[in-house]
Amino acid sequence: MSCPRIEVDLGKIRRNTQTIVGRLGPRGIGVTGVTKAVCGHPAIAQAMLDGGALGLADARTSNVQRLRKAGLTCPVTLIRTPMLSQADQVVQSCEESYNTEILLISALAAAAIRIGTVHGIVLMVEMGDQRDGILPENLAGIAQQVMKMSGVALKGIGANFACLSGLAPTVLQMAAFCDLADEIEGVCGPFLKIVSGGNSANLPWALGEHATGRVNDLRLGEAILLGVEPVSGDRIDGMHTDAFTLVAEVIETGAKPAPSPIALVDPTLARLRIAPASGVSKRHILAIGHQDTDILGLSMPAGSTFIGATSDHLVIGTNRSMLKLGSEVRFQMNYNALMHAMAAPDIKVKLLDNQPTKQTRRTQGMIDHLALV
Ligand SMILES: *Cc1c(COP(=O)(O)O)cnc(C)c1O
C-alpha cells in the first residue's frame, strides 16, 4: 500500500460532527464545518455535512474551488478576509465571506454585480485576539455603509478567539459580542442572520453553565477533525481523537554505534537528538520528514521514541522487535502535523468508512468500502 499515507476514518468525522451538533443544538447554536486543515478535501467536508454541519467554511478560495469541483453545493463561507486580487473568485465560489475592509467589500460588490449575484458579508469584529477584525467602536459605521451598497448583503457578525493570542474567550467578552449584535440591529434594522461566536476554542464557553445569548453559529475545524479542544489540548468528551492516522515506512533498521563527537562547523546545524537509553535498543529510519509534516506534532507509537528528523527522514528508537524493512509505523497527528501532511504532495489520502450519503442505505454489518482519492 502507498506510503506515506494518511488514513481518514470518515465515520469518526461524521460521528464527531453529530456529537458536537447534538450538544450545541439545544443551545441554539449551529455548526459550520471548517475544512482548511484538510485543504477542502471533498469527502471529509461531506462527512461534516452528513454529521449535521449546516454549511462549510474555508480560508482559501483554492480549497473552496476544490469543494465546488467535487460537486458540493452547500453554502460555503470564506473565513479569511479575501484578497483584493481575488474578488471575482470569491463571489463566484462562496455565498459569504468574512470582511474587515470597506474597500474590499466594495470590490466584492462590484464583482457580484458583474455576475448578477448578491454576495453575503459577515463583518469580523476584533474582540481581543488581535488578529483580523473591525474595532467594536467602528462596527456600526461600517455596517451602515455595507447596507447602502448593492451587490452585497449584510448577513451577520463574527468573532474569533485564541488563534493569535492563544486565549480562550471569557464570558464577559462573549456578552460584549452579543451586545454588538443588538447594537448593529438597532442601527441597521434587519435581523442579523449570523452571529458567529468563534472557533473550537469557544466550545468550553458554548457548553458552559451560562447563557449563550445571541450566538447562533460556531465555526469548528479542530474539534471535529481531532476531537480536542485547542486551548487545553484536552479530548472533548465522547469524541474520537483518532480519525486521522499517518503511516510511514521503515527504510533502514538496526543499531547504530553511539555518535562520536563531531566537530560541527555551525553547532546550530546539529539536527541529531540523542534518545534516552531507557531500554530502547534499535534505531529505525522512516521515509518521512520535515517536508511532509510537522514532525514534532506526531505522537510516537507505544515503545518508540523520537530521535531526530531531517527534511526527508525520521529517526526513531524502538524496542518493537517486529519492525523490519518495509514495515509500516502509524502515528497520530496534532493540528499542525495534520495541516501540513494534508497539503504534502507525496502523502496519499486513503478514505475509510466512506459510506454513501444516504443514511437509509446504511445496513447493519455492511462492509465499509474503501476509496482512494
Ligand atoms: C481556522 C478558523 C476557524 C476554525 O478553527 P478551529 O480551531 O479549527 O475550530 C474558525 N474561524 C476562523 C476565522 C478561522 O481562521
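Is R330 buried, partly exposed or exposed, and what is its relative accessible area? In this predicted model, local features require pLDDT of at least 70 and side-chain atom pairs count only at pLDDT 80 or more, while totals for chains, interfaces and linings use all residues. Residues are numbered from 1 along each chain as its sequence is written, and side-chain values use heavy atoms, with hydrogens and water left out. R330 is partly exposed, with a relative accessible area of 42%; buried denotes under 20% relative accessible area, exposed over 50%, and partly exposed the range in between (1.4 Å probe, protein chains only).

A search of the whole structure identified 12 salt bridges, each defined as a side-chain nitrogen of Lys or Arg within 4 Å of a carboxyl oxygen of Asp or Glu. One of these joins R330 to E7, with the closest N and O atoms 2.8 Å apart. R330 belongs to strand β15 and E7 to strand β1, and the two residues are 323 residues apart. E7 is buried, at 8% relative accessible area. Helices (H or I, at least four residues) and strands (E, at least two) are DSSP runs numbered from the N terminus.

A salt bridge also forms between R5 and E328, whose closest N and O atoms lie 2.9 Å apart. This pair likewise links distant parts of the chain, with R5 in strand β1 (residues 5-9) and E328 in strand β15 (residues 328-333). R5 is buried at 4% relative accessibility, whereas E328 is partly exposed at 31%.

A further salt bridge connects the side chains of R68 and E95 (2.8 Å, N to O). R68 lies in helix α3 (residues 61-69) and E95 in the loop between α4 (87-93) and β5 (96-99), so the pair ties together parts 27 residues apart in sequence.
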